[in-house]
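Q: I would like a close look at the charged side chains of this structure and at how they pair. Please take one part in detail and then set it in its wider context.

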Amino acid sequence: MPDETMVGRVWKFDNDISTDVLSPGQYAVAPLEVRKLHVLESVNPSFAQECQPGDIVISGTNFGCGSSRETAPENLKAVGVACVVAESLARIFMRNAVAVGLPVIVCVGVHDAFEDGHEIEVDLATGRVRNVTTGVELQGDSLPEEMRGILAAGGILEVLRAQGGRGT
Amino acid sequence: MGMTQAEKILARASGRETVTAGEFVVGEIDLALLHDIFAAGVFDMLVDVGVDDVFDPGKTVVVVDHLVPAPSAEAAAIHQRIRDHVARLGIESFYDSGQGICHQLLPENGHIRPGALVVGTDSHTTTYGALGAGGTGIGTSDMVYALATGRLWFRVPETIRFVFSGELQPSVTWKDVILYLAGRFGADAAQYKAMEFGGDGASRADMSSRLTVSNMAVEMGAKFGLFAADEVTDAYLLDHGGVGCDPFGPDDDAVYEAVHEISLADLAPQIAMPSEVDNVSPVGDAAGLAINQAFLGSCTNGRIEDLRAAAEVLEGRHIAPGVRLLVVPASRSVMKEAMDTGVLATLVDAGASVLAPGCGPCFGGHGGLMGPGERCIGTHNRNFIGRMGSAEAEIFLASPATVAASALMGVIADPREVEVKDA
Ligand code: SF4
């Protein structure tokens with residue numbers, strides 16, 4: 001597996017960020033290039049424009065709650081988000097994030113430990129999370145190997161392509 | 001060590017003797033459901049990855065239910081694409097526009113079997129737990145993988161068990177029970193987990209009530225919302241599809257994350273207030289708030305039992321001036337039964353508008369949306385901001401009896417009070 005440690009700049013969000021906030025309904029069928037510009041717009045209007053590749057989203061509980069729309073993690077990935085670290089994740093969002101190749105982990109205490117602009121280091125394999133700016137270290141849930149395999153491939157459709165469309 | 005019902009379902013699907021919560025397994029899919037919001041996109045993606053068929057056309061069900069009758073040319077074009085794909089792939093279980101809501105049609109037509117692993121591109125796929133099946137919602141890429149290979153990875157969930165005792169009071173229903181659970185335990189109480197509904201109280205619940213409860217398990221974050229398969233299940237399956245079932249449920253010595261005892265006799269009718277499903281109180285706390293619209297329908301409460309409960313409240317009466325009552329039967333056969341038994345006539349006489357079977361206004365697609373500042377009370381499952389049109393409209397969720405009582409009074413009303421007044 002490739003290196004699963006990443007370092008990035010923090011964008012911080014609160015509890016219950018829903019799929020409506022991550023992928024607003026009125027742009028649900030717009031092309032990705034348009035749709036991604038509205039990700040998190042209702043809680044942080046400049047996020048989509050200013051997010052740089054490799055930036056990391058920190059959030060409170062129940063991140064990604066709501067519908068099964070996969071455009072939610074897809075939008076985050078498209079603006080450059082490298083990973084989401086949340087106090088807790090909604091189940092279908094977590095599945096969908098892995099399916100589209102966006103790393104996500106759960107780490108209790110992360111919301112209090114970070115502010116916007118801090119630098120964060122995340123290790124998907126061990127679940128270790130470090131605030132590079134303040135030195136605070138936290139232990140999150142490591143991501144199971146099954147999910148990391150899908151992420152390393154770039155998403156479940158890449159796994160499928162690699163299997164020649166069928167698999168073993 | 002015994003297994004929970006979720007563990008049994010995933011053990012069988014993955015060809016294992018036993019599995020334990022927390023493990024990852026690859027499960028064989030017994031049934032895959034797609035509806036019109038995602039079906040065309042999923043089938044396009046399948047073509048894009050170079051797969052020109054599905055793992056088993058007999059285990060794939062496609063339902064056109066969200067945008068029916070097509071409210072726009074775009075929706076109609078999506079339906080055309082779906083029909084083309086369905087014909088190309090040889091999918092026989094295709095329910096085209098007008099037959100009803102997916103989560104009603106699948107049980108009604110015998111597609112759901114106890115113990116089956118069912119995935120759907122819809123969060124309310126948990127509904128099938130009413131029949132003892134492991135039904136859960138997935139996204140479109142996962143569905144492409146499932147259709148191509150017939151398999152999908154699953155994490156075996158921990159289970160929270162709810163044990164019900166006693167009897168519900170008159171005018172209190174299982175909709176009130178699941179709203180109460182959401183309010184008491186919270187909208188992410190069962191995140192990544194399975195819920196099991198058991199005890200004497202649960203065995204007395206009819207299938208319609210079980211479908212309501214399992215449907216809303218996802219509003220507490222659940223992956224599955226499971227009832228054991230018993231005589232009620234057997235009788236329902238004999239009626240719908242013609243093949244009964246053996247009992248199927250958890251082992252007595254299964255290991256649970258938590259077990260909660262719930263006494264049914266203590267419950268009053270409940271209501272979820274804007275804008276979260278767990279913002280729940282006894283209906284009395286909201287009584288007297290004026291409403292503009294009452295909605296009787298959806299996969300939660302659009303069955304014949306629900307229409308009948310509303311008709312009992314509205315029999316020989318008329319809804320309040322200025323209130324719109326929308327009735328959307330969950331399927332064509334529900335509509336037919338409501339016609340044959342006079343239930344529909346009672347509702348229409350009371351002032352209801354009857355819409356074609358389907359999702360209707362439930363998700364804000366079309367057919368009964370609301371303007372800014374308006375208030376709706378409905379029997380559906382979500383009251384999020386903007387779910388039924390304007391972001392400045394308010395949505396309250398309750399049982400069919402409470403919705404009917406409110407339509408009658410023009411204000412949110414406790415169905416027990418309405419009946420008392422009349423006696
Ligand atoms: S009735 Fe509502 S909740 Fe049920 S499937 Fe349709 S839109 Fe979804």
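Which residues are linked in a network of salt bridges?

A: In this predicted model, the network of salt bridges links Glu121(A), Arg128(A), Arg130(A) and Glu137(A). The general idea behind such links is that side chains of opposite charge can pair when their charged atoms come close.

Within chain A, the side chains of Lys36(A) and Glu33(A) meet in a salt bridge with an N to O distance of 3.1 Å.

Within chain B, Arg83(B) forms a salt bridge with Asp96(B), and the closest N and O atoms are 2.7 Å apart. Arg83(B) belongs to helix α3 (residues 73–89) of chain B, while Asp96(B) lies in the loop between β4 (93–95) and α4 (102–108) of that chain, so the pair ties together parts that are 13 residues apart in sequence. Arg83(B) is partly exposed at a relative accessible area of 31%, and Asp96(B) is likewise partly exposed, at 22% relative accessibility.

Turning to the boundary between the chains, the rule finds two salt bridges across the interface of chain A and chain B. One of them is formed by Arg161(A) and Asp48(B), whose closest N and O atoms are 3.5 Å apart. Because Arg161(A) lies in helix α8 of chain A and Asp48(B) in helix α2 (residues 39–48) of chain B, this pair joins two chains. Arg161(A) counts as partly exposed at 35% relative accessibility, and Asp48(B) as exposed at 55%.

The surroundings of that pair can be described further. Between chain A and chain B there are 12 residue pairs in polar contact, counting those with both residues at pLDDT 80 or more. On the side of chain A that touches chain B, α5 (91–100), α7 (145–153) and α8 (156–162) each supply at least two residues, and the largest share, eight residues, comes from α5(A). By type, the residues of this side divide into 15 nonpolar, 11 polar and seven charged. The contact as a whole takes 33 residues from chain A and 32 residues from chain B, and the area buried between the chains is about 2700 Å², of which carbon and sulfur atoms give 55%.

Conventions. Residues are numbered from 1 along each chain as its sequence is written. Chains are lettered from A and ligands numbered from 1 in the order in which they are written. This is a predicted model: local features need pLDDT of at least 70, side-chain atom pairs count only at pLDDT 80 or more; totals for chains, interfaces and linings use all residues. Side-chain values use heavy atoms; hydrogens and water are left out. Contact means heavy atoms within 4.5 Å. Buried area is the accessible area (1.4 Å probe) that two parts lose on being put together, summed over both. A salt bridge is a side-chain nitrogen of Lys or Arg within 4 Å of a carboxyl oxygen of Asp or Glu. A polar contact is a pair of N or O atoms within 3.5 Å; within protein, one must be able to donate a hydrogen and the other to accept it, and residues adjacent in sequence count only if both atoms are side-chain atoms. Helices (H or I, at least four residues) and strands (E, at least two) are DSSP runs, numbered from the N terminus. Ala, Val, Leu, Ile, Met, Phe, Trp, Tyr, Cys and Pro count as nonpolar, Asp, Glu, Lys and Arg as charged, and the others, Gly among them, as polar. Buried means under 20% relative accessible area, exposed over 50%, partly exposed in between (1.4 Å probe, protein chains only).
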